[in-house]
Amino acid sequence: MRHPVVVEFASTAYARIKPVAVTAVELRGDFWGRRFDINRKETLPTQWDHLESTNRLNNFRRVFGEYDGPYEGLFFNDSDLYKWLEAASWLIARGPDAELEKRIDEGITLIERAQEEDGYIDTYFTVDRPNEKWTNLRDLHEMYVGGHLIQAAVAHHRATGNGRLLNVATRFADMLCKRFGPESDGKVEAVDGHEEIEMALIELARETGHSRYLELARFFIKARGHGLLKGGRFGDAYFQDDVPFDRMESLAGHAVRALYMCSGVTDLYLETGEEGLLPRLETLWDRLTASRMYITGGVGSRYDGESIGVDYELPNAQAYTETCAAIASMMWCHRMLAATGDARYVDLFEWTLYNGMLPGWSLDGREYYYVNPLENDGTHRRRPWYYCSCCPPNVARTIASLPGYVYGTDAESLYVHLYFDSDARIEVAGKTVGITQRTQYPWEGTVDFTIDTDGDLALKLRIPGWANGQAALSSREARDGTVKAAGVSLSVNGGSVDATPDSNGYVTIHRTWKTGDTVRLQLPMDVRVWQSHPKVPDNRGRIAFSRGPVLYCVEQADMQGVDLDELFVDPAQISAHWEPSLLDGVVALKGTAQRRAIDSAWTGELYRPFGQQREPAAGEASPLQLVAIPYFAWHNRESGPMKVWMNYREA
């Protein structure tokens with residue numbers, strides 16, 4: 001029986017929580033069930049069409065003479081096909097899909113035919129630049145592209161048992177093992193400018209049982225930080241190559257690179273338990289969430305180099321917050337949960353899923369954001385595809401693998417990490433446990449479970465940090481001593497039980513279960529009002545709203561004729577309302593706000609002496625109806641300004 005997991009921790013000695021197969025959980029309901037279907041029916045087919053129409057597939061065909069046009073696109077475009085194949089593999093793991101399987105087979109055939117005799121594969125180099133292979137590792141991403149090939153191959157093998165793509169990947173990886181490593185072994189000491197290969201090699205080691213891939217990944221991790229890349233105009237820090245990992249104090253440079261690096265290092269810890277790695281990872285996570293992360297969970301404040309800024313450098317309109325960076329953060333959180341058992345990593349995973357990644361995908365599944373600002377004048381729109389289109393297939397593979405993140409296990413426990421309407425059958429402590437979730441989460445806080453098993457089992461339910469008034473973006477220090485269950489209730493077969501979570505954020509129900517037993521978890525769905533650190537200049541005097549795991553924004557489409565800069569919001573006046581016809585059905589926030597006509601007091605002036613001001617004229621301050629929508633749903637209607645952070649007005 002196959003066990004297609006996204007990241008294989010089952011035999012990993014240092015993983016405290018093990019994964020479940022993507023096939024073990026069936027997503028249902030109007031929220032994730034519908035989105036999962038959209039990914040299969042709309043996103044994957046249209047992305048394949050874009051791979052064809054933009055000649056990404058022809059780049060492979062030209063290697064073996066079936067296309068005579070020039071190479072088209074960026075030097076790492078092969079990775080778009082690889083991520084698409086990973087997404088498609090997780091989907092066919094669930095059952096036959098003739099059209100999807102046909103395209104997978106076509107994609108694998110192209111890759112097989114494009115691979116060179118020695119295992120090398122990269123269509124940017126093979127035809128036009130054979131003498132330039134491995135000559136610019138800093139900028140040209142050969143190992144990054146190969147890493148995505150490996151991840152696709154592992155996913156395909158786990159999903160189908162077919163070894164065709166895995167054979168391609170292992171030949172490529174074996175070539176890397178022969179070429180790269182310690183100089184004392186007669187090899188080339190080098191690292192790739194874009195991390196990815198490290199976690200891919202470790203996953204390949206898990207899949208094949210060959211330790212040489214783990215050792216090469218370890219070499220790449222240890223070799224980084226010694227200036228091998230000679231950083232160029234961006235500098236060594238941009239590539240995380242300025243200081244070895246064990247001395248790194250904070251994450252900087254290219255956001256996706258930095259987060260992929262941390263994912264790979266966490267994988268290395270999970271395999272080896274190497275002393276010092278986990279404390280350093282925890283320190284970097286704490287410092288990132290405490291001072292360099294947006295309230296959306298987004299990472300990367302600079303357009304210049306898609307980079308993480310310095311502490312509190314979090315501009316709203318200029319926020320870069322690449323969709324791929326949000327996904328990379330989720331990947332790291334998933335691994336850190338396995339390493340520590342601490343629910344704060346699921347808190348950030350969930351928060352980033354709804355507010356950092358999901359905005360990058362349109363409601364119809366056909367358009368994407370690469371960049372996710374927190375304020376916009378209405379000119380930023382999703383696109384069906386990009387010249388640099390790394391984000392769309394990254395979204396597709398994340399949604400396709402999402403069922404594998406809902407639950408986890410240890411020797412005697414079933415963990416519920418995420419609250420999704422779903423059905424599941426999961427192997428725990430040598431027996432199959434059936435469990436269903438019925439819920440309207442994230443709109444409602446009631447989650448009803450039905451257990452389909454007999455016998456002893458510890459069921460561990462995550463109590464989200466937001467339910468206790470905590471931000472998902474909080475360091476360990478900020479959250480110490482705050483474990484409580486205010487507003488949270490829990491019952492088994494109608495009888496109340498203690499809902500106080502342990503220090504890791506889970507509440508445990510340990511009992512002898514009978515088939516048909518029910519559990520009800522009730523989470524408080526209050527509207528939360530947030531402020532940011534006073535050193536974030538864009539947000540001084542401003543507030544933001546959330547409800548459950550969902551962040552909100554105001555959008556011009558709901559505030560016609562209103563300059564959003566002139567809105568002043570009293571949080572005491574805000575309440576939640578279910579709107580079934582709005583944006584495919586959402587909970588909106590509504591209330592009374594005040595409009596203050598700022599411009600009328602500054603007609604024709606950009607600057608003036610301090611103290612020269614006048615009171616607003618009669619009628620310049622007026623009440624109006626505020627409507628706020630989930631941030632993930634913005635710009636699914638007409639263009640118009642948007643803001644997450646709103647001017648604060650006291651009651």
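The largest nonpolar core holds 231 residues, and within that set L251 and L461 touch the most other members. This is a predicted model, so please hear every value as computed. The element that gives the most to this core is helix 13, residues 323-340, with 13 residues.

What is L461 in contact with, once its neighbours within four places in sequence are left aside? The list runs V416, Y419, F449, L490, G505, Y506, V507, I509, V519 and L521.

Now back to helix 13, and to its packing with helix 14, which covers residues 344-357. The angle between these two is about 165°, and their axes are 8 Å apart. Angles over 145 degrees count as roughly antiparallel, and helix 13 and helix 14 are therefore roughly antiparallel to each other. Their crossing is left-handed. On the helix 13 side, the contact is made by T323, A326, I327, S329, M330, C333, H334, M336, L337 and T340. Helix 14 brings Y345, V346, L348, F349, T352, L353, G356 and M357. By class, the residues of this contact between helix 13 and helix 14 divide into 12 nonpolar and 6 polar, with no charged ones.

Next, helix 4, which I will show with two partners. Helix 4 passes helix 8 in a left-handed crossing. Which residues make the contact? From helix 4 they are D105, I108, T109, I111 and E112, and from helix 8 they are R164, L165 and V168. The residues of this contact of helix 4 with helix 8 divide into 4 nonpolar, 1 polar and 3 charged.

The other partner is helix 1, residues 29-53. The axes of helix 1 and helix 4 come within 12 Å and cross at roughly 30°. That makes helix 1 roughly parallel to helix 4. The crossing in which helix 1 passes helix 4 is left-handed. Helix 1 contributes R40, L44, P45, W48, D49 and E52 to the contact, while helix 4 contributes L100, R103, E106 and G107. Sorted by class, this contact of helix 1 with helix 4 has 4 nonpolar, 1 polar and 5 charged residues.

S89 is found in helix 3, residues 78-92. Is S89 buried or exposed? Its relative accessible area is 1%, and the limit for buried is under 20%, so S89 is buried. Not counting residues up to four places away in sequence, S89 touches I104, A152, A155, H156 and A159.

A544 sits in strand 17, residues 542-547. This alanine counts as buried, at 0% relative accessibility. Along the chain, A544 and V529 are 15 residues apart, and their C-alpha atoms are separated by 5.8 Å. V529 is also one of the residues that A544 touches, leaving out those up to four places away in sequence; the others are I295, R528, W530, V644 and W645.

The peptide bond from Y441 to P442 is cis, with omega near 15°. P442 lies in the loop between strand 9, 431-439, and strand 10, 446-452.

K230 has a phi near 50°, which is a positive value in a residue other than glycine. Where is K230 placed? It is in the loop between helix 10, 211-223, and strand 3, 253-254. With a relative accessible area of 62%, K230 is exposed.

For N493, phi is near 50° too, again a positive value in a residue other than glycine. N493 belongs to the loop between strand 12, 489-492, and strand 13, 495-497. The relative accessibility of N493 is 42%, and N493 counts as partly exposed.

That is what I have on this model; I will take questions now.

Notes
Residues numbered from 1 in each chain as written. Predicted model: local features only at pLDDT ≥ 70, side-chain atom pairs only at ≥ 80, totals over all residues. Heavy atoms only, no water. Core = buried A, V, L, I, M, F, W, Y, C linked by side-chain atoms within 4.5 Å. Buried < 20%, exposed > 50% of the residue type's maximum accessible area, 1.4 Å probe, protein only. Helix = DSSP H or I, 4+ residues; strand = E, 2+ residues; numbered from the N terminus. Contact = heavy atoms within 4.5 Å. Left-handed = near helix turned anticlockwise from the far one by under 90°. Nonpolar A, V, L, I, M, F, W, Y, C, P; charged D, E, K, R; others polar. Axes fitted to C-alpha atoms, helices over the stretch in contact; angles between N-to-C directions. Parallel < 35°, antiparallel > 145°, perpendicular 65-115°, else oblique.
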